[in-house]
Number of protein chains: 4
Amino acid sequence: MNTFGRIFRLTTFGESHGPAIGGIIDGVPPGMPLDISLIQQELDKRRPGANPMTSARREADRVQILSGVMDGVTLGTPIGFVIPNTDARSAAYSEMRSKFRPNHADFTYEAKYGVRDYRGGSRASARETACRVVGGAVALQCLASQGIEVSAFVSGIGERSRCSEHDDFAPLLEEVERAHREGDSVGGVVTCIVNGVAAGIGAPLFAKLHAGLGAAMLSIPGVKGFEYGDGFAASASRGTEQLDIFSTDPSGRVITTTNHSGGIQGGIANGMPITMRIAFKPTPTLLRDLATIDTQGNATTLRARGRHDPCIALRGAAVVKAMAAMTLLDHLLLSQSTRL
Amino acid sequence: MNTFGRIFRLTTFGESHGPAIGGIIDGVPPGMPLDISLIQQELDKRRPGANPMTSARREADRVQILSGVMDGVTLGTPIGFVIPNTDARSAAYSEMRSKFRPNHADFTYEAKYGVRDYRGGSRASARETACRVVGGAVALQCLASQGIEVSAFVSGIGERSRCSEHDDFAPLLEEVERAHREGDSVGGVVTCIVNGVAAGIGAPLFAKLHAGLGAAMLSIPGVKGFEYGDGFAASASRGTEQLDIFSTDPSGRVITTTNHSGGIQGGIANGMPITMRIAFKPTPTLLRDLATIDTQGNATTLRARGRHDPCIALRGAAVVKAMAAMTLLDHLLLSQSTRL
Amino acid sequence: MNTFGRIFRLTTFGESHGPAIGGIIDGVPPGMPLDISLIQQELDKRRPGANPMTSARREADRVQILSGVMDGVTLGTPIGFVIPNTDARSAAYSEMRSKFRPNHADFTYEAKYGVRDYRGGSRASARETACRVVGGAVALQCLASQGIEVSAFVSGIGERSRCSEHDDFAPLLEEVERAHREGDSVGGVVTCIVNGVAAGIGAPLFAKLHAGLGAAMLSIPGVKGFEYGDGFAASASRGTEQLDIFSTDPSGRVITTTNHSGGIQGGIANGMPITMRIAFKPTPTLLRDLATIDTQGNATTLRARGRHDPCIALRGAAVVKAMAAMTLLDHLLLSQSTRL
Amino acid sequence: MNTFGRIFRLTTFGESHGPAIGGIIDGVPPGMPLDISLIQQELDKRRPGANPMTSARREADRVQILSGVMDGVTLGTPIGFVIPNTDARSAAYSEMRSKFRPNHADFTYEAKYGVRDYRGGSRASARETACRVVGGAVALQCLASQGIEVSAFVSGIGERSRCSEHDDFAPLLEEVERAHREGDSVGGVVTCIVNGVAAGIGAPLFAKLHAGLGAAMLSIPGVKGFEYGDGFAASASRGTEQLDIFSTDPSGRVITTTNHSGGIQGGIANGMPITMRIAFKPTPTLLRDLATIDTQGNATTLRARGRHDPCIALRGAAVVKAMAAMTLLDHLLLSQSTRL
């Protein structure tokens, strides 16, 4: 349940208000130079303060690597890591011991486990995504050595959108600020693009590459939807509008002249850029009185405290990038076992 | 790769133009009455002729159950089944031996395996979904015994849509017919609703219930996107518009007064109906001359023959229902191993 | 449960007295010539009549390949196969409906499932091993293409033993005949040797190569023990007696001058022959009156009918060979995903 | 590779001479009181000094629990733990950088990964078994709550043996001391017994309970063989000597009057004690000059330094107990998903 992947595997642990979170990265190819500072750098992108609108929790999020690397080179053995929780203000959450926050996992955790750590989302907190970013940062370095690049950017906030990472972000950020001023939160969309994946990587049937990417993205807290290529727009279009005609580039490599397919056909990469869009819901925590019930089922009200981003999609981009990287590396390694 | 699920597992085999397709259903609870005619009935819904616009291939699709059932009751042992391919006109596909059909998996299979059965999509053909429907039909009967019901219907074709299974389908079907008349194909959306899942079913982190549902749906041929609850619309909305306030029904059961969450919070069912939308692309096969390349990379043209639906979403509903049923039953069984 | 392997995977179905048994072989490397007659040949070795002392059930055991192969070459897609049950005399087993045979799985199946097919062992019958032999025969051909050879022979019956396949088998067979004459059965040991596995194949920790081989062998009906290299004898010896000193052969390849380790160190092949011994219990079915209980717990007697080998180890060699082949091929493919 | 189990899962990391070893225990049932001091206690049993003949490495082996427990009760979330390496004298191992120790995994790790941490066995060191003991200690507490008890004891050293934990251990220990005095090491056998497993726990075919136990035991460093029930002795016996006749005890529970089967029939527990024997080879490290080769393949000699037990079976009992506990709990939880 707490493990992601088949060959390249991330297993994580940790409650948001316990002593630490952390994980184990298994299946890392041996003999690869690993730059720990680049891991920390990816982690910093997801950190409060990296963006003016992300939550004010001031954890340094310093990752400690405990195994799997010697003299800056991977050993092929699992990489264990820990990120201490240094700024866990549990007191802010005491009210949640007996009340369920709307649109959070408090009630469902109680239903599943019969017991829960009520402090700040605990295991269901977005804090666990820091471990994903560590795993993703290791995967990114492996992929880079194979000429594969992963990028992710916020392409929509509320009803504002942009097409490319290079388009102006200010109007989108203004949407976040406006929601924040109004004591509200707002949803967003992250676009992810993977370049350099060779044709033939992926799998058919139940292990389709985009099914794996979809599951990866939908496992991120707050994600409500996933599409690749033309996605939902394809369902509103004609076949003649979706045609990706094959051709060859000057080097003789097979390409398609358009990329409605989003780089994947039949679950297997066709060598074109892999394109995806991931929908994040608005932050469920609202800094206002909300009607809810207590653990006895009685009506009550709850006023969220703690520190919260008004738009989880802002931090989401770093997590999307990490999940894409791990999924791609896993498929890349797995594909090596297809042929003798 | 060809196995779906963890406890309730479907493994399938079969090329569209080989002697048979089939599969093995493992993890079926023992002692359950199994009505084979209901399995055949689900299979018939997906059959050509079930819908005026589905393809004309006239296979009876008769499923033969080879094990796992005695005197109409499941044994808990795997159910092996075979569906003979009785109407496989391979001759129609000889041209595809040396040419790649656009928007199909011909090129990517060749890239992955270095060899392929060029006849009619082979393993990448939608024909393999018949096996999913058999697995789903077994799961549906198990779920029904637990009060869980799964429904799926075509809610959009091209730019036409409807909200409920009971709304008029004629305008949508007219879209299909129009595309067909114009030698084109058209995309569609299937909506799936699951009622009766108890709060607490599902899992956190990487095994979230909606991540499993998403992967299941994205593994269906032709699916380009998945969303649950308010999905992509949530990403364009404010937090105050997404609030699902907790309450209790007259029996004291916890409910939410709205269902933007789509029945799942933190990856775990909250007891409300689970709602999903699945985007299908237009049928990639178009009965007209198309530019493409041959296996040597030379430009050529290809004219599809064979029998093809102008809208794969029409048959897709039966497959969506099957995949939802298998995913839910798998999670239901898995959830039983959470507590001692 | 009914699936073996991680990359090269066999999933099986079938009761001994249902219409058929069969399976799906997934992860078969594509583009490999596959000789179906060699599969049938391995199956024949396990057949009644192949050995004068094996049971008299006269099934032809004809395997039908339904997918995954075209023009004699593997496609990389799953190979589905069926072996019809043509000689299932269920009547001989009617008494077992209400009585538990000693040393069989009748009671434990009833305890686990609450329902069982009482006819001839059903799913717990040795008949299911025919499917393993089919899977193994495919694996053997893949391994042969890589210069890997697997052999298995009966090295002990009762208290008689032999060291090599080339030693006289007559004294061992005499043990079987003697047991048979006396209305008894007898146990045996199968020795398995794998040559040609390159150093580096295998895995550490929980996926050690010999742990996988051990699990494979212990999953065969009637197996009570597994050892590799010097096995239990090593536990009675000194460290100085177990030393495998490294050296190089004329070609410069690393070898050990002895092979107490059985070709595996730390779970990973060292390039020397892999050697194992597998202990089979005597056939539990005895053609005499036996005290037992009925399904109500009342004391009763039972006299086995049906057809039974007096020594299951005789047929066991073909199954051991198959399981070794599948385990090795799985590890070989998996090992390809270790390095980028 | 570094994960054990399906529902109750242990994933571990750590080299013997890195900063720490540790792991993640997933699938722990929620709401269970967990006594951390009992975990430390199991860990201490495996520690140097617990036995006069175990190696002199003086690590406190203090386990730090980082998650999954609140107020002494399990949350159902993963338990992350770390055991710092406090006494890692790497200098003693510098010679091994360029030489392969006989009967160790140095050469095979190099062959598999192309790179290795040469210090003290690293990942292949018996030190990793401390993590197994932690996982086992958690499992033992879960099992105890269900009335299941696991015991393991050294039943053989060299050619000396004993039948029960209560028999005199002095003659066996004398064997160890004698080997030690002679600059040698010696092998041993551990016997493991599990009481209280209900009939019906386990699985058929490839997931047989004893196949899982065998794989678990064979994954322990130094184990060369596994048998259950009468094991290899059964292969030398007659069917009439192996009969376990069914009966009922005064409470009406089904029992067998003997237990040659070792508590398992057809892979499923029959309610009788589960009995196993595990063969450990002699410690491969000998404190004398040994012929070997260097990483270039040249002949050389190597004299082991560092601290080493003359008999790994002594510490092995604690690890056997841990692996048995985890395997049983995993099967117990998994069995709950058999029936709806």
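C:G114 comes directly after helix α2 of chain C and has a positive phi, near 75 degrees. The model is predicted. Helix α2 of chain C, residues 106–113, is mostly covered, with 6 of its 8 residues buried. Part of that cover comes from chain D.

**Helix α2 of chain C**

- The buried residues of α2(C) are C:D106, C:F107, C:T108, C:Y109, C:K112 and C:Y113.
- Buried here stands for a relative accessible area under 20%.
- Among the elements that cover these buried residues are four strands of chain D: β12 (246–248), β13 (254–256), β14 (264–265) and β15 (268–269).
- Helix α8 (312–335) of chain D is also included in the cover of α2(C).
- An α-helix has 3.6 residues a turn, so residues three or four places apart point the same way.

**How the copies are related**

- Two copies of a chain are related by a rotation about an axis and a shift along it.
- For chain C and chain A, the rotation that superposes one on the other is 180 degrees, the shift along the axis is 0.0 Å, and the RMSD is 0.0 Å.
- This is the relation of a two-fold axis.
- Of the interface residues of chain C, 100% are also interface residues in chain A, so these copies meet through the same surface.
- Chain B is likewise superposed on chain A by a rotation of 180 degrees with 0.0 Å of shift along its axis, at an RMSD of 0.0 Å.
- For chains B and A the same surface serves both copies, as 98% of the contact residues of chain B recur in chain A.

**Chain A as a whole**

- Chain A contains 7 helices and 18 strands.
- The C-alpha trace of chain A spans about 65 × 50 × 35 Å along its principal axes.
- A compact globule of 340 residues would have a radius of gyration near 20 Å, and the 21 Å of chain A agrees with this.
- Of the 340 residues in chain A, 68% are buried.
- When contacts in chain A between residues at least 6 apart in sequence are taken, 69% of them join residues at least 24 apart.

**Asp71 in chains A and C**

- A:D71 is not a glycine, yet has a positive phi of about 50 degrees.
- In chain A this residue, A:D71, sits in the loop between β5 (69–70) and β6 (73–74).
- A:D71 is exposed, with a relative accessible area of 65%.
- C:D71 also has a positive phi of about 50 degrees without being a glycine.
- The loop between β5 (69–70) and β6 (73–74) of chain C holds C:D71.
- C:D71 is exposed, at a relative accessible area of 64%.

**Phe13 of chain A**

- A:F13 belongs to strand β2 of chain A, which covers residues 9–13.
- A:F13 has a relative accessible area of 4% and is buried, since buried means under 20%.
- A:F13 and A:I24 are 11 residues apart along the chain, and their C-alpha atoms are separated by 8.9 Å.

Methods:
Residues are numbered from 1 along each chain as its sequence is written. Chains are lettered from A and ligands numbered from 1 in the order in which they are written. This is a predicted model: local features need pLDDT of at least 70, side-chain atom pairs count only at pLDDT 80 or more; totals for chains, interfaces and linings use all residues. Side-chain values use heavy atoms; hydrogens and water are left out. Copies are superposed by least squares on the C-alpha atoms of residues with pLDDT of at least 70 in both. Contact means heavy atoms within 4.5 Å. Helices (H or I, at least four residues) and strands (E, at least two) are DSSP runs, numbered from the N terminus. The radius of gyration is taken over C-alpha atoms; the globule rule is 2.2 Å times the number of residues to the power 0.38. Buried means under 20% relative accessible area, exposed over 50%, partly exposed in between (1.4 Å probe, protein chains only).
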